[in-house]
Amino acid sequence: MLLTNATIVTLHEDKDYGLIEEGAIALDEERIAWVGPAADTPDIYSTAQTLDLGGRLVTPALIDCHTHIVFGGNRATEFELRLNGATYEEVARAGGGIVSTVKATRAASEEALLADALTRVDALIAEGVTLIEVKSGYGLNQDTELKMLRVARKIAQMRPVDIRTSFLGAHAVPPEFKGEPDAYIDDVCIPTLRAAHAEGLVDAVDGFCEGIAFDTAQIARVLDVAVELGLPVKLHAEQLSNIGGTQLAAKYGALSADHVEYATDADAQALAASSTVAVVLPGAFYTLRETQAPPVHSFRAHHVPMALATDCNPGSSPLASPLLAMNMACTLFRMTPLEALLGMTAHAAAALGDTNRGRIAVGAQADLCVWDAGHPSELAYRIGFNPLHNRIFKGSL
């Protein structure tokens, strides 16, 4: 297929959009075979099926590199309680918080979890997403963690989208191990990671390194097993405080350190030295009404790639709109529209260890978005508006 009459956003480098006016893209099955000005189209494509895009904008397809999109129930009641003045403790006593999601997820069947997750997946697809990272972490026992990962794998069988799974057994201490985080890591989390890997359910290993979850020593034990199994690692780090998670992620050469609101300039230098991507998550910042923004200026100064994601989850970020996440990143964190687009494409791919997506280049997977827009800055500019005209996944409309 030859796509013609398009304004192409190649993102071939990080310094600008790499715009090609009046451009064309040749697709060879699932790959991009050629891209450039239409006037320079090689003769070999003269007989190819042609699709005139009417001058529309073409970008790499969007990538959501941090989601918790498989879960049971929701936390709308908790949301309302908080807005009516309930304290965190009162919400917890009423059965709210992560415990409520764990309970609902444990009780749900694979079929119910899949049906519920697909409603959120469809929202992402409708805004141009072709690759979604899905975490476990709402089971906190072996049966449910494996159930969540199996559901995540099934999403790719049900929808035209690719899925990357992350094992997040070290997400929280379940009620039955209250006050015993080390016992939970040793008796449940690590054995479940080994079981999930043996079943082929894990693409990466994640953990929540935070005062309300697990400290660096506890997380390091999980990451050591990931390294032993040959799995890449990621980390929730410095979301609510700074206890060394970003430095730990850098030490292990993690694909990404995510949230990073309380990261320091020294943390940014460590990420730069390890080529670890900083994933910013404005949905959680917004929902929790946080005031400490991630150090975007330090990431820029030290050339740390910044990815961007919805963090779709039932508690702190019930967000299933990548376009809104882009706007939030610009308005709340002062990222530029170019940084936001890179964050949802090239840098999101890097945060998942994928080198074949996120830019429009020869050899890249033919995952593209066609937008009813004249300039890429419009994607982050509008609020509650979806200009997607077509989504191309693996070379197919």
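Student: Let's start with Arg-334. Buried or exposed?
Tutor: Arg-334 is exposed, with a relative accessible area of 60%. Keep in mind that this is a predicted model.

Student: Where does Arg-334 sit?
Tutor: You'll find Arg-334 in the loop between α12 and α13 (337-343). Its phi is near 60°, a positive value in a residue other than glycine. Most residues other than glycine have a negative phi.

Student: OK, and what's the phi of His-303?
Tutor: His-303 also isn't glycine, and its phi is positive, near 60°. His-303 is in the loop between α11 (296-301) and β13 (306-308). With 69% relative accessibility, His-303 counts as exposed.

Student: What about the hairpin of β2 and β3, which residue takes a positive phi there?
Tutor: That's Glu-29, with phi near 55°. The hairpin has two residues between its strands. Strands β2 (residues 19-28) and β3 (residues 31-37) pair in the antiparallel sense, over six bridges.

Student: Which residue in β3 is the bridge partner of Ala-26?
Tutor: Trp-34.

Student: Switching to the inside. Which residues touch the most other members of the largest nonpolar core?
Tutor: Val-70, Ile-155, Val-205, Phe-299, Met-326 and Trp-371, out of 99 residues in that core. Apart from it there's another core, of 16 residues, including Ile-8, Ile-25, Val-58 and Leu-368.

Student: Back to Met-326. What is it in contact with, leaving aside neighbours within four places in sequence?
Tutor: Met-326 is in contact with Leu-308, Ala-340, Leu-341, Met-344, Leu-379 and Ala-380.

Student: Last one: how many cavities of 30 Å³ or more does a search of the whole structure find?
Tutor: One. The largest cavity has a volume of about 50 Å³. Its lining includes Pro-60, Thr-130, Arg-357 and Asp-367, and by type the lining splits into three nonpolar, three polar and three charged residues.

Notes
Residues numbered from 1 in each chain as written. Predicted model: local features only at pLDDT ≥ 70, side-chain atom pairs only at ≥ 80, totals over all residues. Heavy atoms only, no water. Core = buried A, V, L, I, M, F, W, Y, C linked by side-chain atoms within 4.5 Å. Buried < 20%, exposed > 50% of the residue type's maximum accessible area, 1.4 Å probe, protein only. Contact = heavy atoms within 4.5 Å. Pairing = 2+ DSSP bridges. Helix = DSSP H or I, 4+ residues; strand = E, 2+ residues; numbered from the N terminus. 1 Å grid on protein atoms, 1.4 Å probe; cavity = no way out; pocket = protein on both sides within 12 Å on 5 of 7 lines; lining within 4 Å. Points joined across faces, edges and corners; volume = space filled by probe spheres on them. Nonpolar A, V, L, I, M, F, W, Y, C, P; charged D, E, K, R; others polar.
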